[in-house]
Amino acid sequence: MANTLALTQRPAWKALGEHYRNIRDLHLRTLFAEDPRRGERFAAEAAGLYLDYSKHRVTAETMNLLFELARQSGLRERIDAMFAGEKINLTENRAVLHVALRAPRGSTIMVDGENVVPKVHEVLDRMAEFSHAVRGGSWQGHTGKRIRNVINVGIGGSDLGPVMAYEALRHYADPNLTVRFVSNVDGTDFAVATAGLDPAETLFIISSKTFTTLETMTNARTARQWTLDALHDEGAVARHFVAVSTNAAEVAKFGIDTRNMFGFWDWVGGRYSMDSAIGLSTMIAVGPDHFQAMLSGFHAIDEHFRTAPFERNLPVIMGLLAVWYNDFFGAQTVGIFPYDQYLKRFPAYLQQLTMESNGKHVTLDGRQVDYQTGPIFWGEPGTNGQHSFYQLIHQGTKLIPADFIAFCRTLNPLGRHHDLLTANVLAQAEALAFGKTPEQVKAEGTPERLVPHRVCEGNRPSSIIMADQLTPEVLGKLVALYEHSVFTQGCVWSIDSFDQWGVELGKVLALRIIPELESGAEPQLNHDSSTNLLIRRYRERRKG
């Protein structure tokens with residue numbers, strides 16, 4: 001489904017290049033002064049999410065050209081193809097149907113002639129039944145004790161999504177359950193996660209599609225031994241371990257009852273899987289009803305993305321703005337700043353979603369790109385970041401477009417806290433946009449020699465995404481918003497946003513190096529001189 005015309009040859013792309021040269025020095029102060037209603041004109045709302053993009057360095061002409069670029073890039077056709085179950089992940093010959101994971105019961109989404117929605121709900125129903133059993137106490141450990149601790153063992157998409165969702169929805173979590181996560185193959189991660197826990201009250205969820213992922217299975221085997229060291233019975237594994245996997249043979253070999261194996265499908269990429277069985281830990285923590293509300297939020301934005309005109313389509317607008325800054329202004333990063341402590345892991349989650357998806361250097365038909373693709377995503381929750389890196393955004397030499405995420409109501413009302421928090425969101429976006437001129441600095445009585453130091457140039461672009469309150473439904477909407485923004489960018493760049501071959505190379509090399517580190521005899525090393533030297537140094541010094 002590659003576009004026949006290369007991106008840089010599309011008329012809208014060429015027109016955007018000329019347009020950029022005409023407006024690149026236009027200041028947001030001027031844009032707002034010339035249009036008193038700019039804040040209204042450059043805003044869109046859908047499914048309870050309000051997007052203010054008026055503080056971006058765009059005009060109506062900019063947006064019209066970006067929308068035309070989306071059309072010339074075949075975005076509408078690509079959206080339709082994804083929702084129809086076509087195999088748009090070309091390098092792996094797979095459909096891309098995370099949207100099916102949250103499709104309502106009774107919907108029809110076809111893959112290879114089969115409606116996959118009934119199977120999705122079959123798994124969701126089994127997850128709900130198991131979650132009720134754990135939360136209600138009817139699922140007991142090997143010694144008859146109630147499960148009080150749940151540990152998800154995974155990595156990448158099998159960890160980042162569940163961790164982010166659990167932290168985001170902690171307000172709704174069962175306070176009687178301790179929920180922790182292990183992903184890093186560094187043994188410290190496992191040691192810290194299990195510290196102070198009773199193995200007789202601990203349930204492990206091993207999340208690995210193939211049940212062969214090196215990091216996950218290393219931690220899983222350590223968890224198995226940790227459990228057996230305390231309970232002294234191989235039969236305990238079946239009561240303290242369940243699997244999210246598709247490899248029944250390996251699951252059974254591990255000692256897990258395959259009736260307690262929750263599957264998903266190859267048309268679900270890891271970084272898009274938090275609302276599949278990978279979210280079992282989330283469902284146990286917050287309950288099936290809240291999990292279903294999250295799925296409903298996902299679906300609301302799915303339908304908005306699928307049906308709304310580009311001019312009012314939130315993910316399309318966000319995705320096109322990302323292209324505008326990445327490819328015309330040369331901005332290399334995007335800052336994600338959620339002003340809600342519960343969303344502290346949201347930037348980390350988006351790092352995988354965006355950079356694993358769009359960190360590609362060839363087009364769908366294998367041609368080397370001659371333009372920039374995926375920007376670097378990073379961030380911290382407000383107001384912490386204001387006392388850390390905001391200085392660089394305000395007065396540094398880098399242009400960093402920013403997304404601020406804000407809520408009208410807090411889940412934890414304490415005095416003036418939320419008003420102060422929200423005031424900071426609005427103030428930061430305003431300060432970035434308009435800055436402070438030398439004349440304004442001088443009018444404050446600043447000594448002449450300090451004036452340059454206190455000037456803020458402004459013209460730093462940002463969006464504000466505002467919702468009423470952080471609910472499970474709103475979390476689903478926020479994640480879907482970014483999923484489809486990433487899809488929009490990938491479509492314009494003509495890349496495959498759903499494979500991750502670059503991740504594989506390091507894994508292959510690690511498998512080669514592991515026995516060289518562990519061998520009792522001096523191994524024959526055939527790496528570069530640096531790697532050979534580091535292997536020898538490690539072997540010499542590892543025993544202290």
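Visitor: Which residue is the bridge partner of Ile206 in S8?

Guide: In S8 that partner is Ala243, and Phe204 likewise has a bridge partner in S8, namely Phe241. Before we go further, please keep in mind that this is a predicted model, in which local features need pLDDT of at least 70 and side-chain atom pairs count only at pLDDT 80 or more, while totals for chains, interfaces and linings use all residues. Residues are numbered from 1 along each chain as its sequence is written, and side-chain values use heavy atoms, with hydrogens and water left out.

Visitor: What makes S7 and S8 a pair of strands?

Guide: A strand here is a DSSP run of E with at least two residues, a helix is a run of H or I with at least four, and both are numbered from the N terminus. Two strands pair if DSSP finds at least two bridges between them; strand S7 (residues 202-207) and strand S8 (residues 241-244) run parallel and are joined by four bridges, so they count as a pair. S8 and S9, also parallel, are joined by two bridges, and there Val244 of S8 stands opposite Phe262 in S9.

Visitor: Why are S6 and S9 said to stand at the edges?

Guide: The five strands form an open sheet with parallel pairing, in the order S6-S5-S7-S8-S9. Strand S6 (178-182) and strand S9 (261-262) each have a single partner strand, so one side of each is left without a neighbour in the sheet.

Visitor: Which way do the residues of S8 point, and are they buried or exposed?

Guide: Phe241 and Ala243 point one way from S8, whereas Val242 and Val244 point the other way, and all are buried (under 20% relative accessible area, with exposed over 50% and partly exposed in between, for a 1.4 Å probe and protein chains only). In a regular strand the side chains alternate between the two faces of the sheet.

Visitor: Why is one space called a pocket and another a cavity?

Guide: On a 1 Å grid over the protein atoms alone, a cavity is a set of points where a 1.4 Å probe fits but cannot get out, whereas a pocket is an open set with protein on both sides within 12 Å along at least five of seven lines, and lining residues have an atom within 4 Å of a point. The structure holds three cavities of 30 Å³ or more.

Visitor: How many residues line the largest pocket, and which element gives the most?

Guide: Its lining has 43 residues, with Thr213, Gly270, Gln500, Glu504 and Lys507 nearest the centre. Helix H9 (214-231), helix H15 (346-358) and helix H21 (501-518) each supply at least two residues of that lining, and H21 gives the most, with nine. The volume is about 1,100 Å³, a volume being the space filled by probe spheres set on the points, which are joined across faces, edges and corners. The second largest pocket holds about 350 Å³, and of its 15 lining residues the closest to the centre are Gln341, Thr410, His417, His418 and Leu421.

Visitor: What lines the largest cavity?

Guide: There are 19 lining residues, of which Met318, Leu321, Ala322, Val334 and Asp403 lie nearest the centre. Helix H14 (314-329), strand S10 (333-338), strand S12 (402-407) and helix H20 (472-493) give two or more residues each, and H14 gives the most, with five. This cavity has about 190 Å³ of space, while the second largest cavity has a volume of about 50 Å³ and a lining that includes Leu101, Trp265 and Asp275.
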